[in-house]
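Hi everyone, thanks for coming. Let me put the sequence and the model up on the screen, and then we can walk through them together.

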Amino acid sequence: MSKKSEIAAAQSERVDLTRALRDAGLAALLAFALFLPLIGFWARNVGEGLLLVTRWDALALVVLIVAAARLFYTLVAQPWLKRQRARRTEIAPPWRTALAKWFIPFAIGFVVVYPLIAIAGAGMRGSIKWVDNFGIQILIYVMLGFGLNIVVGLAGLLDLGYVAFYAVGAYSYALLAKTFGLTFWILLPLAGVLASFWGVLLGFPVLRLRGDYLAIVTLAFGEIIRIVIVNWVDLTNGYAGITSIPRPTFFGIPFNADDNGFAAVFGLEFTPLHRTLFLYYIILGLALLTAWVTVRLRRLPVGRAWEALREDEIACRSLGINTTNTKLTAFAMGAMFAGFAGSFFAARQGFISPESFTFIESATILSIVVLGGMGSQVGVAIAAIVMIGGTEIMRELDFLKEIFGADFDPTKYRMLLFGFCMVLIMVWRPRGLIATRRPSVFLKERKTISADLVKEGHG
Amino acid sequence: MTELRDTVLRVEHLTMRFGGLVAVDDLSFDVARGGITALIGPNGAGKTTVFNCITGFYNASEGRLALLHGDPALWNLLDALTAGGSRSLRQGNSALFLLERMPDYLVTQQARVARTFQNIRLFPGMTVLENLMVAQHNALMVASGFTVLGILGFPSYARAERAAIEKARSWLDRIGLTARADDPAGDLPYGAQRRLEVARAMCTDPVLLCLDEPAAGLNPRESAELNALLLDIRNDFGTSILLIEHDMSVVMEISDHIVVLDYGVKIADGTPQEVRNDPAVIAAYLGVQDEEVEKAQAEVGL
Ligand SMILES: Nc1ncnc2c1ncn2[C@@H]1O[C@H](COP(=O)(O)OP(=O)(O)OP(=O)(O)O)[C@@H](O)[C@H]1O
Ligand SMILES: [Mg+2]
């Protein structure tokens, strides 16, 4: 290397340093402007009035942290990322192909034995939390994510009101079970049918809409359903919700401490864990069913038509595909799975109210689909675990109280974490965790298709 | 003019207005069965608009677009069909369709008119094979029992799917893309995308194939390959072809019949020989182009 180029390299390094300092300064300024009203001033209730407290030390700390992080990013992280990118080779390393091959069987095996691991780790009493809050809660969202994935990921129709179908499923179960005393296994398919009926009903008016317009109308639809539930007090009991919804039974044997309860009949000691396990395996079965049906649908003409619709609607019409029916089946199919999930939700909670079906739920499910990678089931499952599991795990972080004081509540920072994850993933992988597309049919070998070619749909 | 006996499509008094603009003005012509008819004209003459009317993408402002399957005797019932309110009339294996009354997807599904687009419209994120499978949607939909039997894994669907793959493969052999069957369509070179779009349209089993400038942007070798492909389609499948083309060498070489449009009005209609010598055509279209070619050649020193 000649002396000249060395000097040039050293110079560019120096230029980098000034640039990094300038960037850090800008970031600090931005942080100051942003956090001045958020952290700098604190309005406290004191007796009758408000007391404005200033917190300059906290503000300075946050601004310093932001500046330092920005400096670290430009000086260390960015060059490192660049080098990594340059080093990335065309051929995937062998561990990666092996991972791709064994991941799904391993993951399914893991979720099947997960409750046993939880029992072994946390004991009979302690495991309920792990099976219920983590297992069941996450699986509900996995299932909702799979369902919405059909509409958004495959057919490319942006649906912001998906929670409406979840609500229809939940209220169908609750009302029919309480009024007619029908059992869970009859009402589960019925709730699915009712939800898909509403899916078609939503589908009709929005067929001609695209993009932003479609998103807004579906958003409105979600709100309409919720507001109807809130206001139709005679039927739904409004904000108070529906209580003591019948719980699912084990082929007619209830899970309670009675003489004819599950524990007594099978000669076991009564524990609420029995019901939790039963519910866990029901939702696991439902989620796997959703995944299996989706995999099959993708290989059928409807599934291919959905994807073709996402790629180019006009070309679809020129090939004799009835795009109206194709869109409606996508809405109906997605809504059906939301209906299943909703009726399961009602059966699990025993109590439902409109609070559970707000727009934020739709947004959560949609962000699971987007973060996971539209169209990818594995991606959606991982995203659901991270997003829902992440918020649940925040409840467990008691050690933070020792750092930030006893009144620190980590769950309050849920949305902050949510947003942070979202920004990170969108920077790192703009098309979601798993953005590649697997062809539905192949002649010689199945090659995955890179995300750059796959369209996101136009609405 | 071809005799009615051999006609597959009749365009009668077709007019298409966009607000004040008359894109197609009282256009009438016939497309011969099993022949290659070319529709030519300068930029903005209204050629693509005619295609959009035939394939149901636009609702024609005025005019009648009639398509026949099978027995030419059915042409005698055309006026009766028009007077009645329905879209089509069937007699045994023969049928008569009024395309202007049908939505776009039914024009392909029932009247079996397939088309390609001036700006290629493939499904870029799907493989070459998948593109051809989507084109067989309606047949496969029936075979899958409208999804129900397919979900349950009935063997009849698996058989139908294998047959569809075979058909796609035979088209890939024909267009020389078998080796790239599992690559995304968006990765293909331009010329291959054009050929794939033609093959995809043919996978819908059309009676009439409408091609909007299939040779645009092709080099001479690719253009010659395309000519061969179109002649193959006509000879092996008996599919009638309606072709929009700017490249005169393609038009003169393969078409049996040429219709010339200018500002939405038909200015000539006949065999390539007749059209080539038609003074109106030379003035409106060919003459200008030849002069331009000569001028350009002089400039580069040929
Ligand atoms: N949807 C539309 N709305 C308004 N005007 C249109 C529409 N489609 C076509 N036109 C107009 O109709 C006229 C004919 O257009 P057309 O696309 O049919 O021409 P063309 O012969 O296919 O030209 P080219 O050789 O450039 O493809 C043009 O003036 C065009 O601007
Ligand atoms: Mg055109």
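I'll start with the ground rules, then go through chain A, the sheets of chain B, a helix pair and a metal site.

This is a predicted model, so to speak of local features we ask for pLDDT of at least 70, and side-chain atom pairs count only at pLDDT 80 or more, while totals for chains, interfaces and linings use all residues. Residues are numbered from 1 along each chain as its sequence is written, chains are lettered from A and ligands numbered from 1 in the order in which they are written, and side-chain values use heavy atoms, with hydrogens and water left out.

Chain A, then. Chain A has 16 helices and two strands; helices here are DSSP runs of H or I with at least four residues, strands are runs of E with at least two, and both are numbered from the N terminus. Along the principal axes, the C-alpha atoms of chain A fill a box of roughly 85 × 70 × 45 Å. The domain assignment, which is automatic or from a database, gives domain 1 (3-87) and domain 2 (103-396 + 429-453) of chain A. The centres of these two domains, taken over C-alpha atoms, are separated by 41 Å.

How much of chain A is buried? Of its 459 residues, 44% are buried, where buried means under 20% relative accessible area, exposed means over 50%, and partly exposed is in between, with a 1.4 Å probe and protein chains only. On contacts, meaning heavy atoms within 4.5 Å, residues 24 or more positions apart account for 70% of those in chain A with a separation of 6 or more.

Let me pick one residue there. Phe262(A) lies in helix α8 (residues 262-265) of chain A, and it counts as buried because its relative accessibility is 12%. Leaving aside neighbours within four places in sequence, the contacts of Phe262(A) include Phe250(A), Phe255(A), Leu268(A) and His274(A).

Now over to chain B and its sheets. As a reminder, strands of a sheet pair through backbone hydrogen bonds, either parallel or antiparallel. Two strands pair if DSSP finds at least two bridges between them.

One open sheet has five strands in the order β2-β1-β4-β6-β5 (chain B), with antiparallel pairing. Which strands are at the edges? They are β2 (21-32) and β5 (88-91) of chain B, each pairing on one side only. Neighbouring strands of this sheet are turned by 10 degrees against each other on average, direction ignored. Angles run from 0 to 180 degrees between N-to-C directions, and axes are lines fitted to C-alpha atoms, for helices over the stretch in contact. Helix α1 (residues 47-54) of chain B packs on this sheet, touching β1, β2 and β4 of chain B, and its direction makes about 115 degrees with that of β1(B). Inside the sheet, β1 (residues 7-18) and β4 (residues 62-69) of chain B pair antiparallel over five bridges, and Thr15(B) has Glu62(B) in β4(B) as its bridge partner.

The other open sheet has six strands, ordered β7-β8-β9-β3-β10-β11 (chain B), and its pairing is mixed. Its edges are β7 and β11 (265-270) of chain B, and the twist averages 15 degrees from one strand to the next. On the parallel side of things, β8 (residues 208-212) and β9 (residues 240-244) of chain B pair over five bridges, with Asp212(B) opposite Ile244(B). By contrast, β10(B) and β11(B) run antiparallel, also joined by five bridges, and Leu261(B) has Lys266(B) as its bridge partner. Their hairpin has two residues between the strands, and Tyr263(B) takes a positive phi near 45 degrees. Helix α1(B) turns up here too: it lies across β3 (36-40), β7, β8, β9 and β10 (257-262) of chain B, at about 145 degrees to β9(B).

Next, a helix pair. The axes of α7 (residues 155-175) and α9 (residues 220-237) of chain B come within 11 Å and cross at roughly 135 degrees. That makes α7(B) oblique to α9(B), since under 35 degrees counts as roughly parallel, over 145 as roughly antiparallel, 65 to 115 as roughly perpendicular and the rest as oblique. Among the residues that meet are Trp171(B) in α7(B) and Phe237(B) in α9(B).

Last stop, the metal. Which protein atoms are donors to the magnesium ion (ligand 2)? They are OG1 of Thr48(B) and OE1 of Gln118(B), lying 1.9 to 2.1 Å from the ion. Donors are N, O and S atoms within 2.8 Å of the metal (3.2 Å for Na, K and Ca), and water is not among the atoms, so sites may look incomplete. Thr48(B) sits in helix α1 of chain B and Gln118(B) in the loop between β7 (113-115) and α4 (128-134), 70 residues apart. Thr48(B) is partly exposed, at a relative accessible area of 25%, and Gln118(B) is partly exposed too, at 32%.
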